[in-house]
Amino acid sequence: MSLPTALFKSLSRIKKDLKEDIDAVFNRDPAARNSLEVILTYPGIHALILHRGAHCLWQNDQKLAARVISYGSRIITGIEIHPAAKIGRRFFIDHGMGIVIGETAEIGNDVTLYHGVTLGGVSWNNGKRHPTLEDGVIVGAGAKVLGPFTVGKGAKIGSNAVVVKAVPAGATMVGSAARMISDHHDEKGNPIVKKVDDAKQQEKVAQAASTDNGIDKKSIDEKAINRSVRETAFQAYGIDPTSQDPVAEAFAKMLEHIQQSENRLDQLQAAMCKIDPDFCKKEYDKLCLEDIDVIGPADMDEIGTEQK
């Protein structure tokens, strides 16, 4: 292949990649107004352009020049991407300040990172040390993804989460250390096997019958619409607004169990008093919602409704 032909093909590929990057900005950032503004003022675009040049030099064994370009990009944009990192198409960096992407990190297509994200390692050994982000992953502001594991397709990492283990496709990770929020996996990442017993099956049949009479059809339609919106909406910071806080949910379950135990104690005391009149019934301080500031009555009502 002649030099002019190779140069033309290279320029065509660069132009195509740049157009895809600009389109990705318009698709994911409502603040973008025109292409010129994106090219001139978006540090994520600048970092991507410089990284592609540095990565090409790195692959052609021009490592010092690649590191110099990477260092210059860090000074200009505040985004540090190692020249050896592999980045897919339509990668979008929003704001960008403070992002660090390590040497052995791999990023798929249509991935979004917000400011302050670290794709780092936890080992000083050679080899794979940094995470792999598959297609469509969203990592919220300030999140740390540390280690040589894979974050599955379409997964979301919440703001300031610290993730140190593999994430299944479509899962949402929140907190430090991160906990999983998923309808299809438990907190350890194992698939949830849904069991339907006879009572639940009968309840579904009854609900189906009631919908024919127009009793619950509206509420079911609303739930279906809300579920569809949650599945298709772009969650900028990796958090579903309808998802429960795992800590508050755990407190609510503990409180519910304590209240059930207290009611049982009252029943036992009443039974003992009937059996033995000399048995002294004693009052004791009961735990109430006001004693736990982290959870309020509204949270308890919502969780109780979901459990029903």
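The largest cavity of this predicted model is lined by A47, L50, H51, A54, I69, S70, S73, I79 and I81. Helix 3 (43-59) and helix 4 (63-77) are the elements that give two or more residues to that lining. The protein chain as a whole holds 8 helices and 15 strands, and 33% of its 308 residues count as buried.

**The largest cavity**

- The structure contains 1 cavity of 30 Å³ or more, and the space in the largest cavity comes to about 50 Å³.
- Helix 3 makes the greatest contribution to the lining of the largest cavity, giving 4 residues.
- By residue class, the lining of the largest cavity consists of 6 nonpolar and 3 polar residues, with no charged residue among them.

**The second largest pocket**

- The volume of the second largest pocket is about 460 Å³.
- Its lining is made up of 16 residues, and those nearest the centre of the pocket are R13, I14, D17, R52 and G53.
- Two or more residues of this lining come from each of helix 1 (3-28), helix 3 and strand 2 (86-87).
- Helix 3 supplies the largest share of the lining of the second largest pocket, with 8 residues; helix 3 also gives the most to the lining of the largest cavity.
- The lining of the second largest pocket divides into 6 nonpolar, 5 polar and 5 charged residues, whereas the lining of the largest cavity has no charged residues.

- Strand 8 (residues 132-133) runs parallel to strand 11 and is joined to it by 2 bridges.
- Within this pairing, L133 has V151 of strand 11 as its bridge partner.

**A loop residue, A169**

- A169 lies in the loop that connects strand 13 (162-163) and strand 14 (172-174).
- The relative accessible area of A169 is 47%, so this residue counts as partly exposed: the class lies between the cut-off for buried, under 20%, and that for exposed, over 50%.
- From A169 to T150 the C-alpha to C-alpha distance is 9.4 Å, while the two residues are 19 residues apart in sequence.

**Cysteines and disulfides**

- The count of disulfides in the model is 0.
- C56 is partly exposed, its relative accessible area being 42%.
- C273 is likewise classed as partly exposed, at 26% relative accessibility.

**Contacts along the chain**

- Among the contacts in the protein chain with a separation of 6 or more, 36% are between residues 24 or more positions apart.

Definitions and conventions. Residues numbered from 1 in each chain as written. Predicted model: local features only at pLDDT ≥ 70, side-chain atom pairs only at ≥ 80, totals over all residues. Heavy atoms only, no water. 1 Å grid on protein atoms, 1.4 Å probe; cavity = no way out; pocket = protein on both sides within 12 Å on 5 of 7 lines; lining within 4 Å. Points joined across faces, edges and corners; volume = space filled by probe spheres on them. Nonpolar A, V, L, I, M, F, W, Y, C, P; charged D, E, K, R; others polar. Disulfide = S-S within 2.5 Å. Buried < 20%, exposed > 50% of the residue type's maximum accessible area, 1.4 Å probe, protein only. Pairing = 2+ DSSP bridges. Contact = heavy atoms within 4.5 Å.
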